Every structure is written in structure tokens, then in C-alpha cells.
Amino acid sequence: MKKITAQLVAFVKGDKQTIQVVPPSGHTATLTLFTSAAMAFLAVFALALSLATGRLADRWSSELARSSTVRISAPAGQIEAQTRAAIEVLRTTPGVAQARVFTEDEQKKLLEPWFGPDLPINTLPIPQLIEVIEDSTGFDTDGLRLRLSAEAPGAVLDDHSRWRKPLVKAADRLRSLGLISILLIALATGAMITLAANAALAANGQVIRVLRLVGAQDSYIARAFVRRFTMRALSGAIVGVIAGMIAILFLPSTSVAGGFLTGLGFQGWHWLWPFVIPPLAAVVAFWATRTAAIRSLRELT
Amino acid sequence: MIELKNVAYSYGGGELLSDISLKLAPGSFHFLTGPSGAGKTTFLKLCYMELVATSGLVQVFGRDTRTMNRDEIARNRQRIGVVHQDCRFLDHLPLSANVALPLTISGRDTGEEEANLHDLLSWVGLAEHADALPAELSGGERQRAALARAVIMSPEVVLADEPTGNVDWEMSKRLLALLVELNRMGKTIMIATHDLNLIRAAKAQVNARVLRISNRQLQLAGADL
């Protein structure tokens, strides 16, 4: 480990003479830097998307799974009696931690986004809602349905799974799309660095031939190019990641609008994830340049 | 040092060299002559392993070149000084860095060799041009710089391809004097040239053997020179 660290430090510092062997390359260096920065910027967003949708999927599947709703639709006179009967059934059902009747105000609030604030709720045949919170063991849905239909014929149990499942599925799919995007960004970075490295190797054909003539080994010649591209990719990625994180930091917060949607951003220690991108970009560049260099050197004796 | 046994080399078109056998003994001085296109450069390339013989055996420092991997070839090249026909420098580096290039790539500390480098540049008469770029030098200066680069690692063999190709007679004599001096220090020298005056001048100073390539064969030229 110590040896690897020492090699890594030596690689980053570089040997001044080795660096000088290949002529400085001007604007192509800037292009590599820019590409790397742009890719890192995109990678930050892909990462944010994956993490946010992951969070969303977790939330929908865990929080909503523990709550269900009982809806009581009955003629006006019977609602109260059936509600009491349903509460009684729920209270005696194993696995139900809490059953709470929604107040008129709460129901009004739920309808507000659709009908506006001044809805005369009492004049409408609105069903009564009961919120059911499960304990960790959970209850037997089919059994509860049977008992409810016997005691309160107007009660319908909705355990949310009907609409929760497609949402969780969609969120999961989005998360994998985000991860695929990160993979594609990494591959595209590798491809672009390979092209840039090939161009540099071709432009420096004379340098490589001279080095080979005076007895330079392949690893020495490759190192002169590999170090250059790795450092460019690394510094470009650092710039891109910082820009991406600043952009995410200033995204408008959605948590006020509704706790249901989670903001596209990083939360807590997830802010550390983007810092993985620059080393990853460096590894991709190292590998891509090395492969390109070794391949082009093979053509020389 | 370098030994060729029944070596043949053919390009896509046809055979350029065939059935060549030669043994370069340590401390020997050889001229390689023959008309342009006869294969002098190809012969030297076989010796410094830039080309692989189509058939036959090429041994460098006792090893069959066919069995060497790329790194072994590179290491063996550090023991052979080559003065290339067109010199071949790194055009963005000053002369001193170009001459010291073999030291740099073999990982030696050029700082420690600073004095040696200066001596070597003085020896080839280029001390005052140490900071010049290769493009700023004249043909003769470039040839001398190439010779300095070829010998900085103190190689056992020096192979020079037309080292006096584009220099005047005075400069040719100076370059020859440098090569003769190297030979007196025990180096094996092989010079490819078609300059018969150069060969005559050398014969007065050292015991040089002259090889001639003609009709794809390598012959020992007689005393007619």
C-alpha cells in the first residue's frame, strides 16, 4: 500500500524531464480539459437524479406501505355509525398501531388543491376517511376487508398498493436510467480521451521514434503521455464537479410545495458522492491513454 | 558484439540483402560502402534492431534478436550508439537536452552528469551552442550533436549512417577524428558511407576494414582503396 501511494505521488508530481520530452500541446489541452469538465458536470446531475429517485422510491415504498386508508361511503345518516363500527374493528385488529378519523378540516385541506379553499364540505356527499397506521408486523389485508364488510358495509380499505407500486417502479426505473447515464458518461469520456490521445500520439510520431531510437522503453514513452491526459482529465473533472454542485445547491427547494416530492439534489452525506467523479475521470483517462499509447507503440520496432 | 549469420532481408518487392554473414569484433573499425539504395541503411537497421531479418540469425551482444521482447531491445539499444542519417532530434528541446536524452530516458540524474555533458559538447565543439534548438544548427553541427548523443551512454558499439552526408570536407575530417578517437578508446565502430576520400583518410589513422554491399551480398573490399 505504501509503495502504491509512493508511486501515485511520484506520478502526480511527475518527473520534470519526462514531462518535457513531449512538446507542450496548446489548445488541444484546453479541449481535453473542457470535455472532462463538461462530462463531470453532467455526471453530477445524473448522480443527483439517481440519488433523488432512489430516495423517492424508498420513501414511497416504506412510508406509504405503513399507512392505509379506510373510506366510508354511506347515506348521510349512517356514516357516523359505520365510522364508529369501523374504528372498533380496526382497534381490535392485530397489526394496526393506530386508526384515526380525519376531521372535517383535514378532509377540506385534502380537497383544497382541487376545489379551492372555500368549499362547503358539509353540503357534499363526501366519504369519511380513516387513516390506518400499521405496526411493524402489519395486518392481514384480506381478513380486515372481510371483517369491515360485515360490520360496516360502506367501508372500503385502500392499502395504497394499487397506485404505489407503479410509482415505485417508475422511480426505480429512473434511478437505473441515472446510473446508466453515469456509465455512458464514463465511457464517452474514455472514448474522447482515447481520440485526443491518439491525435497527440500521431502528432508526436517523430518524438516517439527518436525516443525509441535512443533506447526508451514503451512504459517510459507511454508515461509521458498518460500523465498529461490523466492530470488534464482530473483537473477538468474537479472544475466540472464544483460547477455542478454549485448549480445543484442553488436549485429551488421543492420541500415547501409538498413533502411528497423530494428535491433533485443531494441530502446529508450524499453530498460526498460527487467527489468520487474526479478520481474516476482520472482512472478512465489513465486507462484510455495507456491503452492508446501502448497500441500505437506496438507499431514501431 | 554483433553477429549476422546467413541473414537475408526483403521488402515487399524483393530481396535487398541475402546470405550475409559478418562478425563485429570488439574494438574493430568497419566501413560499409556501396551504391545508394544498396541496403547500407537496412544493414545498420538490422544491427540496431529496428528491422528484423527475414531469414538467418542476428545476434546482438550474444542474444538472438528474434527472442528479445520490446523492453530488451530498448535496453540493448542503450548499449549501441546510433548516428542516424537525418540526425533525428526532439526539435522543441535545446541541444544539451537532446544530447542528454539517452541519460534522461534511462533514468539517470542528468544533474550529476552535467560536467560530463559539458565535456562531451566541448569535445564535439558545440559547447557554446548548448542552449540552441536543433533547427538553429548547421548540418555539420547537427551531425556532431548526433554523434555526441550516440556516445553519451558510453556505448560499446557506435553505428553511424552517412555521418558526413551533408558536411564539407573539413567537417568530415573532424567527425572522422572523433570516431577514430572513440575507436582508440575501445569502441567498436561501423560507418556507412559512400565517401571514398573519408575511407582513405581513415585508413591512414586506423586499421579499418571496408565492407561493400553489391548485388545483395556483403563483400570485403580489397586493398584497391
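This is a predicted model: local features need pLDDT of at least 70, side-chain atom pairs count only at pLDDT 80 or more; totals for chains, interfaces and linings use all residues.
1. Start with Ala40(A), then. Residues are numbered from 1 along each chain as its sequence is written, and chains are lettered from A and ligands numbered from 1 in the order in which they are written.

2. Ala40(A) sits in helix α3 (residues 27-62) of chain A; helices here are DSSP runs of H or I, at least four residues, numbered from the N terminus. Ala40(A) is buried, with 27 other C-beta atoms within 10 Å. (Buried takes 20 or more such atoms, exposed 12 or fewer, and partly exposed is in between.) Leu187(A) is 147 residues away along the chain, yet its C-alpha atom is 12 Å from that of Ala40(A).

3. Now look at α4 (residues 79-91) and α6 (residues 141-151) of chain A, whose axes come within 9 Å and cross at roughly 150 degrees. That makes the two helices roughly antiparallel, a label for angles over 145 degrees. The crossing of α4(A) and α6(A) is right-handed, meaning that the near helix is turned clockwise from the far one by less than a right angle. Ala85(A), Ala86(A) and Val89(A) on α4(A) meet Arg147(A), Leu148(A) and Glu151(A) on α6(A).

4. Over in chain B, helix α5 (residues 114-123) has Leu117(B), Leu120(B) and Leu121(B) as its buried residues. They are on the same side of α5(B) because they cover an arc of only 100 degrees around the axis, taking directions from the helix axis to the C-beta atoms. These buried residues pack against α3 (95-99) and α6 (139-151) of chain B. On the face turned away from the buried side you'll find the exposed Ala115(B) and Asp119(B). After α5(B) comes Gly125(B), with a positive phi near 70 degrees.

5. Finally, where do the chains touch? 16 residues of chain A are in contact with 23 residues of chain B. On the chain A side, α2 (16-21), α8 (205-213) and α9 (218-249) each supply at least two residues, and α8(A) gives the most, with five.

How values were computed:
Two residues are in contact if their C-beta atoms, placed from the backbone, lie within 7 Å. Axes are lines fitted to C-alpha atoms, for helices over the stretch in contact, and angles run from 0 to 180 degrees between N-to-C directions. Angles under 35 degrees count as roughly parallel, over 145 as roughly antiparallel, 65 to 115 as roughly perpendicular and the rest as oblique.
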